[in-house]
Amino acid sequence: MDYFTLFILILDSTLRVSVPLVLASLAGLFSERSGVVDIGLEGKMLAAAFASAAAAYVTGSVWIGLLAGVGVSMALAMVHGFACVTHNGNQIVSGVAINILASGLTVILGIAWFSRGGQTPPLPPSARFQSLEFPGAAALADVPVIGGIYSELLSGHNILVYAAFLAVPLVWWILYRTRFGLRLRAVGENPEAVDTAGISVAKMRYMALACGGVLTGVAGAYLATAQSAGFIREMTAGKGFIALAALIFGKWRPVPAMLSALLFGFLDAVAIRLQGVSLPLIGEIPVQFIQALPYVLTVVLLAGFIGKAVAPKAIGVPYVKER
Amino acid sequence: MSTASSVLKEGRLPRWAEIALLPAINVIVALLVGGLVVVLIGENPLEVVKVLLWGAFGFQEAIGYTLYYTTNFIFTGLAVAVAFHCGLFNIGGEGQAYLGGLGVGLVVLAFDGQPFYVILPLAMIAAGLFGAAWAFIPAYLQAKRGSHIVITTIMFNFIASTLMVYLLVNIFIKPGQMSPESREFAENAWLPFIHEMLGWFGISFEPSPLNMSFLWALALLVLVWLFIWHTRWGYELRTVGQNENAARYAGISPVRNIIISMLISGALAGFLGLNEILGVQHRLLLNFTAGYGFVGIAVALMGRSHPVGILLAALLFGALYQGGAELSFEFPRITRDLVVVIQGLVILFAGALEYLFKPQLLAIFRRIALMRAGG
């Protein structure tokens, strides 16, 4: 295999593994820019993956699956809001609770409903998102360079992949070009000012959490009904935390967050390819080293050694209205 | 009379209600919601409770197992609590415990030809030291550079887990074996089991994994209590936790206390390695922390970061873990994962929603106080 084809293949799998990271980091972006820490991305994604696979299996419709995933993820986001916004509870504690709840509930309900050790039955093709072929992809496949890029890299993904990457400019537009976005950012920086302007801080934060709930729901549905054919216990395997890392690495901005998610996805794709491969000059790189890189890079960034990641000012602080 | 007036005038709950009644209500609500999940699955919650209790306390072996799990939860619960007192949220107990186990493993693999009284102190020091070292970097970054400790400790959990996979797969793996485990330790290095220790006094007890580290956990409960409430260091640590600026004006260094509390926290989590590696598994292996670090969060929240509360909460979770293992024998549709659900609910209700019922409780106390004042 020539290097160009290898490169295209790695980029292709980078796109696929980055999708949940992109979606979840955008979800975290909504929540955290409104001032609510979202450690629960992992749990919401896991619960959504289970709900979407279960609903898609029972109804046979992938779209009902997607809807179920989004619904469950939204419900958990509202629990987070109830605890942290309405009752001024600790946002980190609430996030941890959501992660652990999701991890337990998905397995216990999975066993009760499907008796397969916590998995859902494999989904038939009709209950999964199928890949879309671009017009002329097959015809162009043999053309050098362009064929590789167009037919292999751009064409042939399922609709959620395109949706995830289209969501990035959309979120950017919402955040920086709409009144809702302005208020959302303001509520995360200076909630007192927003309150003085007569806008409800709680309402803004609930709306931000709802947006995040939708996005983590889609991310979960992607894992169970697009990338795989069903739910497997703990199938998110830390992706929610990598997404959180990508969000921080992207300094809480949409496009850099997507680029970080792509970088972390690329590392993941490379790690799989490099297993047992000896590179010239360097020799064999341990897979675990590449797997740990996203976490190490995030710590280094947080330490302020490569630029400074400045969190939204009011993040993590419950807003208590003065009386 | 004074209680009644503080309820009426300042809208404050009596102290006992604040520290005991409110948390108890929260835990009961969490357990009730857990019961709802059981109903949803289609089983009878009362039957489940019966099996749980029998599985946790019904026979000697069960009690041994319950206390063995309790040991782990005391270590990780104390770890979370000490950091809480300094105003820090240490989610990294899982990684620190993992490294603590690595420390124990390294010492024992190097010295297990030596007599037990040489190995034991070395293993204890290694467990604490490795756990503390893994907490040090997040602590330093928080104290000196303001990097959020929640995020860095989460990242360090993942780094610990990849590090351990690397070490076990590439370095410690026993030659000629597929599963990534070290060789078994020589038997003289193992921590004595409690049933063996009881045997020395002529008391017979069914074998269980409960070992000497349980006694160390109990001792640590007392030591942490002394440290937090009866030493100057503990006082400084709590001051930083309550108000960093006030502490600074009083000449107490937040940087120093953040680092000290995290080192202690990491060391406490690291001791889990004693129980799991030196007490039970007798070899270095993957994933022996099995989420115990996260249970520590629930234990500390439920126990209000007080050693007495932590002991009770650790005992409850120990019983749930052991009793939960029995559930799958009796109910084909329920597994131990039910305990994970309960754990999540406890964290939600006793932690994030800790004041959910405070207004109602306050209203009840008001009414009682008014009735007393009127009658």
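Me: Why does His282(B) count as buried?
Reply: In this predicted model, His282(B) has 20 C-beta neighbours inside 10 Å. The cut-off for buried is 20 or more, so His282(B) counts as buried. You will find His282(B) in the loop between helix H13 (272-281) and helix H14 (292-302) of chain B. Its phi is near 60 degrees, a positive value in a residue other than glycine.

Me: And what makes Arg304(B) partly exposed?
Reply: Here the count is 19 C-beta neighbours inside 10 Å. Buried needs 20 or more and exposed needs 12 or fewer, so with 19 Arg304(B) falls in between and is called partly exposed. Arg304(B) sits in the loop between H14 and helix H15 (307-330) of chain B. Phi is positive for Arg304(B), near 50 degrees, and the residue is not a glycine.

Me: Why is Asp2(A) called exposed?
Reply: Asp2(A) has 8 C-beta neighbours inside 10 Å. Since exposed means 12 or fewer, Asp2(A) counts as exposed. This residue belongs to the segment before H1 of chain A.

Me: How do you know that the length of helix H13 (residues 287-302) of chain A is close to what is expected?
Reply: H13(A) has 16 residues, and at 1.5 Å a residue the expected span is 22 Å. From first C-alpha to last the helix reaches 24 Å, which is close to that value.

Me: Where is the kink in H13(A)?
Reply: The kink is at Leu293(A), with an angle of about 45 degrees, shortly before the proline Pro294(A). Pro294(A) is one of the buried residues of H13(A), which also include Val287(A), Ile290(A), Tyr295(A) and Leu302(A). The buried residues of this helix pack against helix H11 (239-249) and helix H12 (254-273) of chain A, together with helix H6 (116-145) and helix H7 (149-172) of chain B. After H13(A) comes Gly304(A), with a positive phi near 85 degrees.

Me: Why is chain A called as compact as a globular protein of its length?
Reply: Chain A is built from 13 helices and four strands. For 323 residues the globule rule gives a radius of gyration of 20 Å, and chain A has 20 Å, so it is as compact as a globular protein of that length. Along the principal axes its C-alpha trace spans about 70 × 50 × 40 Å. Buried residues account for 51% of the chain.

Me: How do you know that chain B agrees with a compact globule?
Reply: A compact globule of 375 residues would have a radius of gyration near 21 Å, and the 22 Å of chain B agrees with that. Chain B has 17 helices and zero strands, and 53% of its residues count as buried. Its C-alpha atoms fill a box of roughly 80 × 55 × 40 Å along the principal axes.

Me: Which residues touch the most other members of the largest nonpolar core?
Reply: They are Leu23(A), Ala49(A), Phe317(B) and Ile347(B), in a core of 222 residues. Helix H10 (residues 201-227) of chain A gives the most to this core, with 15 residues. Beyond its neighbours within four places in sequence, Phe317(B) is in contact with Tyr69(B), Phe73(B), Val295(B), Ala298(B) and Val299(B).

Me: How many residues of each chain are in contact with the other?
Reply: There are 39 residues of chain B in contact with 34 residues of chain A. On the chain B side, the elements giving two or more residues are helix H2 (15-41), H6, H7, H14 and helix H16 (337-352). That side divides into 26 nonpolar, nine polar and four charged residues.

Key
Residues numbered from 1 in each chain as written. Chains lettered and ligands numbered in written order. Predicted model: local features only at pLDDT ≥ 70, side-chain atom pairs only at ≥ 80, totals over all residues. Expected span 1.5 Å × (residues − 1). Bend = angle between axes of the 7 residues up to and from the residue. Contact = placed C-beta atoms within 7 Å. Rg over C-alpha atoms; globule rule 2.2 N^0.38 Å. Core = buried A, V, L, I, M, F, W, Y, C linked by C-beta atoms within 7 Å. Nonpolar A, V, L, I, M, F, W, Y, C, P; charged D, E, K, R; others polar.
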